[in-house]
Amino acid sequence: MSFLAVSVASLAILVLVHAITFAVGRRIGRYNVVDVTWGLGFVAVAAVCAAIGDGDPLRRLLLLALVAVWGLRLAWHMVGKSAGKGEDPRYRALLRNDFSAGNVIRRIFVVQALAGWFISLPLQVSAVLGPTPAVLLPVLIAGVAVWMLGLTFEAVGDHQLRRFKADPAHRGAIMDRGLWAWTRHPNYFGDACVWWGLWLVAFTGWISLVTVASPVLMTYFLAYATGGRLTEKLMADRPGFSEYCSRTSFFIPRPPKLRLT
């Protein structure tokens, strides 16, 4: 199976996933449902790559397993996070309160489908390549380790934030405990590590270098475009947030500074 066939099939499955998501979002009146299918789209691509790729079968199955664990956990988390709530303020800001079908499709669904296709390029390329050379097996192992670090940061960070918000005593307070004391965005940092880990697992030689822009783009999205910076812009006026920012790393974890008195 050629790379072109795998790539076209990957784009087709993403278009299908996002078309269904748009229809669901249109019906329920909110488009943050796309956060649920963001991870599921990558699972679908990984499944396509595993099914029709003719590259190393063990690596295809490993990548499918890693992507599925990450994507399904993220989707389940987003189901719980968005249940019973209205539109995410991030999407209101992104859409500039223009919820016409054309604007929604262009600004959310087309962008996310194309971003998902581009970010998943390491999976697509890996699906048509032979076994990982023995000399690069340490890179594969390192990739799994980075993936595990990322998944841990993301899952633990989400769990800590969910428990914090569930306590009525914390209403309006800034979460600055646990991993959130080390980075203002442990979930986004973890997500970035997951994709750098997957890129390392998919790495088979010089040809894999052409896909390094994929985890770079994912990291940019998570830190600046639709992730950390946009979230902080919406939180800027919250009491205590400025002080929290002054002592806590933005993205890459580091020991927190002493609390200002």
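**Entry 1: the second cavity**

I began with the lining of the second largest cavity, which has 5 nonpolar, 3 polar and no charged residues. (Ala, Val, Leu, Ile, Met, Phe, Trp, Tyr, Cys and Pro count as nonpolar, Asp, Glu, Lys and Arg as charged, and the others, Gly among them, as polar.) This is a predicted model, where local features need pLDDT of at least 70 and side-chain atom pairs 80 or more, while totals for chains, interfaces and linings use all residues. Residues are numbered from 1 along each chain as its sequence is written, and side-chain values use heavy atoms, with hydrogens and water left out.

Which residues line this cavity? I found P122, V125, S126, W199, A202, F203, S208 and T211. Helix α6 gives the largest share, 3 residues. (Helices are DSSP runs of H or I, at least four residues, numbered from the N terminus.) The volume is about 30 Å³. (A cavity is a set of points on a 1 Å grid over the protein atoms alone where a 1.4 Å probe fits but cannot get out, and lining residues have an atom within 4 Å of a point; points are joined across faces, edges and corners, and a volume is the space filled by probe spheres set on them.)

**Entry 2: the largest cavity**

I searched the whole structure and got 2 cavities of 30 Å³ or more. The largest has a volume of about 50 Å³. Its lining includes R60, L63, L64 and S126.

**Entry 3: salt bridges**

How many salt bridges are there? I count 6. (The rule is a side-chain nitrogen of Lys or Arg within 4 Å of a carboxyl oxygen of Asp or Glu.)

I looked up E154 and R73, which meet at 3.5 Å, N to O. E154 lies in helix α7 and R73 in helix α3, so the pair ties together parts 81 residues apart in sequence. E154 is buried, at 2% relative accessibility. (Buried means under 20% relative accessible area, exposed over 50%, partly exposed in between, with a 1.4 Å probe and protein chains only.)

Next I checked R184 and E232, whose closest N and O atoms are 2.7 Å apart. Both R184 and E232 are buried.

R247 and E243 form another bridge, at 2.9 Å. They sit 4 residues apart in helix α11, about one helical turn.

Terms used: On a 1 Å grid over the protein atoms alone, a cavity is a set of points where a 1.4 Å probe fits but cannot get out, and a pocket is an open set with protein on both sides within 12 Å along at least five of seven lines; lining residues have an atom within 4 Å of a point. Helices (H or I, at least four residues) and strands (E, at least two) are DSSP runs, numbered from the N terminus.
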